[in-house]
Structures are given as structure tokens and as C-alpha cells.
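Please walk through this model with attention to side-chain contacts, surface charge and backbone geometry. The paragraphs below take these topics in turn.

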Amino acid sequence: IFFEVPYDKNMPPGWAGVYNAPGYYGNGLATKVPPKEARRTSPYTQPHSPAVGRTYNPPRRCTRLNQAAPKVVDSIVFLLTRRIVSWHVDPRYLTPFVGCQVGFPDMAKLRCRNKLTARGIAGISRNGRHSDGGGLYLSITKDGGRRWIFRFTVRGRVREMGLGSAIWVPLAEARQLAGKAREAVRAGIDPIDARRSGMATEAARKTFGQCATAVIAKKSLESKSPEHRRQWKSTLENHCAPLWNMPVGEIDMAAVLSVLQPIWPKIPETASRLRARIEAVLDYAKAHGLRVGENPAAWRGNLKLVLPKRGSTRGHHAAMDYKAGPAFMAQLRQQDTMASMALQLLILCASRSGEALGMTWSEIDLASKIWTIPASRMKGAILHRIPLSSPAMAILERLTEFRTSEHIFPGFGHARHLSSAGLSNLAPTGCTIHGFRSSFRDWCGEETDFPREIAEAALAHVAGNSTERSYRRGDALEKRRVLMETWAQYLGASV
């Protein structure tokens, strides 16, 4: 005879008995049946018990039922996963019963829930699964990963559903999620299948435009060039209008070709970039579970077999002959505008357009005559120091009179600095702004005896192999200062 306290607080305690054969019987509620009556009706106290088939009279101290039922705590049977566990019972009389299967038809009601606490799980470090009850487990892996798992049986199949990382999903939310999944199981619905169908519905609603907007925002954080960010946005918005409102999971090769074929022969460079950007958007959608299958915008083994091969349209940036540099600089000095001074400084420093236009006063050391461009603004992501020649210093000193913001060449309206279009309008026909760097390099090689490494360092190019660079740590600033002064004298620059 045992005094049974169920785990379920909604179930009252009662008397129970087990015998040396698979079986379980109840002797009534403890609130209605006194201890003597429970002992009297036990099969073990009856000769030739039909339950056992023999007489068995355990001593009274085995169950200590002489005390009042509410105080009997040392002979409680806990029914866990259909096995009997008992404390403070004489092992000589408990041995025949340990491990017997209990034939209780609704044992799930006796299982405990909400075993874990929010504070307690923070201190759990042992690997394995830690039950919260009701099929909810905290799983801790060997590498310290912690996640919630809901284990359930539906249509005779045992399954496990992840409920998220324990770092981001608190205990209370995990119990709510497990409760919703438990309700689905009671209704005969597999919660995993239900969740997948919900994701499929969400994917059906997600459009190409929404994914493109997310990719553009991501690229805006990664790219250092404002022009590059603007091109990503303009090409996708202007040329992908037919795809913009289409569900991203339904875009196929025919849809991609509908935007590429009209512009492929006319503007092949733009079309090639557009294809790569469409491919990036569809890759983003697949990575977020919004698409399945191959990417219809992929080039190799896909569109390469459909679209005609492009001719070689991209080469070196068109550059001005360095011998025409002095005359061109004289024309710029006569204009005396913010854009002309920006282009003069760019040519004198042999810098890129983005570096010159984004120049700030905090980057200039007027005393040391050094312009320090931070790594975040450099193409190679390496800090670069440029020695400023006398003509370059004269331009900067004049610009201090017009200082209105942190940028040396401020823009108009909401623009932070002058746009690249302002410089392009000043370039001679057939020449590019970037080409002035090539003019400088040609002059170094044709007209001077400066070492190749010094000329390449002036352009912020990486020269030499990895072994040479590992031993050469300096940037030859003073040698480059002589080079830049010689370049300025050749151009005849003066303000």
C-alpha cells in the first residue's frame, strides 16, 4: 500500500498498491478512505489474493499508515515514465516491486510540467537535454549551444521541433510555443508541417522588390563609394520594374531574360552588371528560405548558353597625355570655381575622385603638409598618407576662407560633398577623371628617374610580393614628397 501524491496539482492524493506482476490498482482517494480501510482492502492482506495468487503480509512499518494521511511523506511513490520510485521503504519489502510496469491508462497526467525556472536554466551547464515537462526540453550541446526542443508524437510518429535558441527565446516564450504546438498535436495536426506551410505562405507574399531593397541596404553598409551605392539602386529600380512586384519565389529564367534581352546588345556593360545584381538578390532570397532550386540569373552553365557573348567593351580608363597636363591645369586655374579647385587638387595628389571629393579638414595636417586618408575611405582598406606639394597647400589655404562644413568641397542641398558629375563636366572630351592617375604614372616612367616602388606608393598601389611587403613597413613619405613637388613643378601649378 502506498500513499500517492500525483505531480499534477489538480489531482488529489490517493492510496495505491502494486504487486509482483505488471499491474496497478487504486484504493480510493486519501480524503475519503482512511488508512485502515486502505490497508484492509489491499490484495496483499487477503489470503490467496487473486492479484498475486499467494498470501503476502508486509509489516505495517513498510507503509507507516498508522499516521494521518496528510503527514505520510516517507512512503510516497512517484510515478515517473511508468516506473516506480520510492523513498524510506524497507528494501526487503520494496525489492519485489521495483521496476514493475504500472498499468495506469493515463500516466501522462501524472507527469510534471514547468520543472525549470528562468534563473535555474542560467546555471545549467551539463550537456544533454533538460526536461521542462510536457515534451519541452532545453538542449545543451558540447560546444555550449542552447536551444529549445519540443518532442511530440503525432499519427504514431515521434518528432522533434526546434523552438529557437535559448539565448533569444526566454523560458516563458518557449512554453507558449510548446503550448501552441501541443494544441496542434491534440487536433491531429503536425506542428512542423503547419510551420512549414506558414513559411511557404510568407514566401509567396515576399516580392522581388522587397528582397532587392534589403540587398541594396546591405550593400550600402559594405560599399565605400557613394557612386557604387547609387548605381546598385538605380539599375535595379529602373531596369527591373517588370520583376519588382513579382513573388520572388516565382521568378524564373524567362522573367530574368525579359529585362536583360532588351538592353543586352545596346548597353552590354550595364546589362552585365544588372544580371549580377539580379543574381545577388535571388541568392539573398534563397538564403532566407524564400526560394528553392537553382538561380535563374546565374551566368555559368545557365544564361551563358542563352545570351550572346559580349565583346570586350571595357579597357583602361581613357587618360589625357601627360604632355597636355600643364595646358589643362592653366585652364582650370582660370575658372576659379570649387569644382576646378577640387580637380586641381586631385591631379596634384594623383588621388581617386572619391578620395578627393570626400576629403575633410580633420584629415589635413597643415603644419606637416600631410593628407591622411583613413582606411575606411581607401579602396584597399589601408591608411594612406599623401605629402602635399606647395601648390596643393596654396589651394587648401585659400579654401579655408570659404569653410562652411567639415568637408573641404561641400555639396549643395542635402549632399555632403561635391558630386563626381561636377568633376566629369570639366574633363576634356574622351578623357576620364580616373585617367589623370594614369597620366601621372606615365610621366613618372617617361620623364623621371624615381624608382617604380615610389611611383606605385604614390598611387596607393601594392608593390612587390608578400615577402617583400612583410619586411618593408614604411611608406617612403619623404621620398614621395620630392616626387609630388616635382610633379607640381612640371604642371606649372600656381594659384
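Where is the place of Ala-350? Ala-350 sits in the loop between helix H12 (338–349) and helix H13 (353–357), where helices (H or I, at least four residues) and strands (E, at least two) are DSSP runs numbered from the N terminus. The model is a predicted one, in which local features need pLDDT of at least 70 and side-chain atom pairs count only at pLDDT 80 or more, while totals for chains, interfaces and linings use all residues. Residues are numbered from 1 along each chain as its sequence is written, and side-chain values use heavy atoms, with hydrogens and water left out.

The phi angle of Ala-350 is near 55°, a positive value in a residue other than glycine. Ala-350 counts as buried at 3% relative accessibility, given that buried means under 20% relative accessible area, exposed over 50%, and partly exposed in between (1.4 Å probe, protein chains only). Across the fold, Ala-350 and Arg-441 are 8.8 Å apart in space, C-alpha to C-alpha, although 91 residues separate them in sequence. Ala-381 likewise is not a glycine and has a positive phi, of about 60°. Ala-381 belongs to the loop between strand E11 (370–373) and strand E12 (384–387), and with a relative accessible area of 44% this alanine is partly exposed.

The aromatic contacts come next. Rings of Phe, Tyr and Trp (its six-membered ring) are taken to pair if their centres lie within 6.5 Å, with planes under 30 degrees apart counted as stacked, over 60 as edge-to-face and the rest as tilted. By this rule there are 10 aromatic pairs. One of them is the stacked pair of Trp-264 and Trp-299, with 5.7 Å centre to centre and 25° between the planes. Trp-264 lies in the loop between helix H9 (253–260) and helix H10 (268–287), and Trp-299 in the loop between H10 and helix H11 (325–335), so the pair ties together parts that are 35 residues apart in sequence. Trp-264 is buried at 5% relative accessibility, whereas Trp-299 is partly exposed at 27%.

Tyr-322 and Tyr-490 form a tilted aromatic pair, 6.3 Å centre to centre with 45° between the planes. Because Tyr-322 lies in the loop between H10 and H11 and Tyr-490 in helix H19 (residues 477–491), this pair ties together parts that are 168 residues apart in sequence. Tyr-322 is buried, with a relative accessible area of 9%, and Tyr-490 counts as partly exposed at 28%. Both tyrosines also belong to one aromatic cluster, together with Phe-440, Trp-443 and Trp-487.

With a salt bridge taken as a side-chain nitrogen of Lys or Arg within 4 Å of a carboxyl oxygen of Asp or Glu, the count comes to 16 salt bridges. Among them, the side chains of Asp-132 and Arg-175 meet at 2.9 Å, N to O. This pair links distant parts of the chain, with Asp-132 in strand E6 (residues 128–133) and Arg-175 in helix H4 (residues 171–186), 43 residues apart. Asp-132 is buried at 1% relative accessibility, while Arg-175 is partly exposed, with a relative accessible area of 26%.

Arg-273 and Glu-269 are 4 residues apart in H10, so about one helical turn separates them. Arg-273 is partly exposed at 32% relative accessibility, and Glu-269 is partly exposed at 24%. Arg-352 and Glu-355 also meet in a salt bridge (2.8 Å, N to O), and both of these residues are buried.
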